[in-house]
2 protein chains.
Amino acid sequence: MTKTEQYGRLMSEYFARMEYPSMPRLLYDPIRYTMEDGGKRLRPLFVLAATGLWAKDVSVALPAAAAVEMFHNFTLMHDDIMDNAPLRRGRESVYRRWNPNVATLSGDALMILSYRQLALSPPELLSQLLELFNEAAVKVCEGQQLDMDLEETVNVKPEEHLEMVELKTAALFVGAVSMGALIGGAGRADVERLREFALQFGIVFQIQDDLLDTYGDTRLGKTVGGDILAGKQTWLKTYVMAAANATDRAELALIHKDLCYSPEEKIARVLDIYERYGVRNATESEISRRFDITTKALDGLSAKVYRVAEFKEFAMSQLYRTK
Amino acid sequence: MTKTEQYGRLMSEYFARMEYPSMPRLLYDPIRYTMEDGGKRLRPLFVLAATGLWAKDVSVALPAAAAVEMFHNFTLMHDDIMDNAPLRRGRESVYRRWNPNVATLSGDALMILSYRQLALSPPELLSQLLELFNEAAVKVCEGQQLDMDLEETVNVKPEEHLEMVELKTAALFVGAVSMGALIGGAGRADVERLREFALQFGIVFQIQDDLLDTYGDTRLGKTVGGDILAGKQTWLKTYVMAAANATDRAELALIHKDLCYSPEEKIARVLDIYERYGVRNATESEISRRFDITTKALDGLSAKVYRVAEFKEFAMSQLYRTK
């Protein structure tokens, strides 16, 4: 069993043992529904993997890891309301299966439960852990607001888009590895290196997610072309908007609101524009370039060489290399 | 200057010094809008007053007190969405002034900021403070869900209503005094007494709020009769529902949805039923009865007699005696 599989099993067992009250049903059923689904549980695995760089037994980091995952799931419950997203991991989103009020309040409770998990961490580290957790949590909210702001903006530059991604997506990876490293007993320089790594990892992870939404892989339970139909700002869209002529820019900016085309036609037209500006290649190059930076950030870690290699393998196996 | 005024000033100064980032504007403007309004700030004053029972300098409790108030304000932002409440303290509620998405996300951020405040408390107490805070926070969510469940229930018994009030309203008072007492250095028996006091105080406070909504006092920035028009379950309504004949029960249960009466007529008809069952007197008796229990809970406290007297005076001055 690899380290990754071992951490995955630890995490699954931990969540399987977690109990929620039965009443009020409408408060806890949506939490169970969301948490039982699991998904990749990438963020809590990063907590454990960071702890495992220095500590032999990572189980002391399980509450912090669970807290990060529960916080992430709370954000999904609320984001799906704000984004009118009917599907999550291939199932109905909470606000659609129940209603927006239920998703709001259950999400609130799940966030509180994430803090309750965090509080089970070693008391002598709690103050610092709470600081790292809060820092990430605030950034995630700022990122979600920026994301909604950018939805209302016509000409979003790729840099502006990536600033949003740093907050909305990467900040929680940064929080996860910082918390894990702190629990593992890492020094300041190591924590900084891991934070730099996680920031880049989060960005690559998101760019890749955007690429897959447009160019395939239905394994993720997502409809291909969903971002195009929703008019979402993605790395692909901002890249093409920056490169395109006025006609193409106008079409890209407005087509998702057009009532004359069918969804299939909209996707085809956007893909046609994308192709003319070579966005698929450009995105794959951007991923490769950042992938290398991400890997290098890990090289100076003070942990044992074979542990760094394990960590690197785990992290990189979560990214789908395109070339 | 009385102790209450002194604590009120400390709290106001603390909030006045608190700064929020300027961007993203739609995330932080609603937080500023909500927090600048202030209201009575009763819950944080209870934190300080409980600390002041034993400690001379209560300023060490300011972060915990602020955390309680910020958490309370977060719940108002989200509750107003769920309850479609257009007004809050006489001004537009956040979801109405902006929109539900803004109120959801700003509320989330405000909850996180409340934990950030709490984390500024003495590190050696943080673990216990977090536990008390989380316990109260979860109960408030459970109470809000129960409240929504009871809205859909025709025959709510007064006991069921009060169970909800214990969670939705009283739990945060219980949390406030427990945290304050812990910071002040109280022993276990004193904390238990204060918790019993705060539970009763919270219930009396809510029953009184219900009474004022129906029988007056526009100082609170509320429209008189608002609960009646919204068909809200209140202590008054559940009392009359339990006592009334079938005809009156049916009218009380449905009148807020009736399209034939004007708002004024609805209020007049409900008041007429209320009067026949003597609900005003019954409510005032219930308040008096609980008021006495509330006061007695404070008698066995180990703190200095004059400090207990100050605390009692502060607490009781927040309740509007009806007889």
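This is a predicted model: local features need pLDDT of at least 70, side-chain atom pairs count only at pLDDT 80 or more; totals for chains, interfaces and linings use all residues.
1. Confidence. The model scores are ipTM 0.93 and pTM 0.94. Local features need pLDDT of at least 70 and side-chain atom pairs count only at pLDDT 80 or more, whereas totals for chains, interfaces and linings use all residues. Residues are numbered from 1 along each chain as its sequence is written, and chains are lettered from A and ligands numbered from 1 in the order in which they are written.

2. Symmetry. Chain B is superposed on chain A by a rotation of 180 degrees with 0.0 Å of shift along the axis, at an RMSD of 0.0 Å (least squares on the C-alpha atoms of residues with pLDDT of at least 70 in both copies). The two copies are thus related as by a two-fold rotation axis.

3. Interface. Contact here requires C-beta atoms, placed from the backbone, to lie within 7 Å. On that basis, 31 residues of chain B touch 31 residues of chain A. On the chain B side, the elements giving two or more residues are H2 (25-37), H4 (62-82), H6 (100-118) and H7 (123-151); helices are DSSP runs of H or I, at least four residues, numbered from the N terminus. H7(B) supplies the largest share, 15 residues. This side divides into 19 nonpolar, seven polar and five charged residues (nonpolar: Ala, Val, Leu, Ile, Met, Phe, Trp, Tyr, Cys and Pro; charged: Asp, Glu, Lys and Arg; polar: the others, Gly among them). Since 100% of the interface residues of chain B are also interface residues in chain A, the copies meet through the same surface.

4. H4(A) with H6(A). H4 (residues 62-82) and H6 (residues 100-118) of chain A pack at about 165 degrees with their axes 8 Å apart. Axes are lines fitted to C-alpha atoms over the stretch in contact, and angles run from 0 to 180 degrees between N-to-C directions. The pair is therefore roughly antiparallel (angles over 145 degrees). Contact residues include A:Met70, A:Phe74 and A:Met77 of H4(A), and A:Ala103, A:Gly107 and A:Leu110 of H6(A). The contact comprises 15 nonpolar, seven polar and one charged residue.

5. H4(A) with H8(A). H4(A) also packs against H8 (residues 158-184) of chain A, at about 170 degrees and with axes 10 Å apart, so these two helices are roughly antiparallel as well. A:Ala64, A:Val68 and A:His72 of H4(A) meet A:Leu172, A:Gly175, A:Ala176, A:Met179 and A:Ile183 of H8(A). Six of the contact residues are nonpolar, two polar and none charged.

Notes:
Two residues are in contact if their C-beta atoms, placed from the backbone, lie within 7 Å. Angles under 35 degrees count as roughly parallel, over 145 as roughly antiparallel, 65 to 115 as roughly perpendicular and the rest as oblique.
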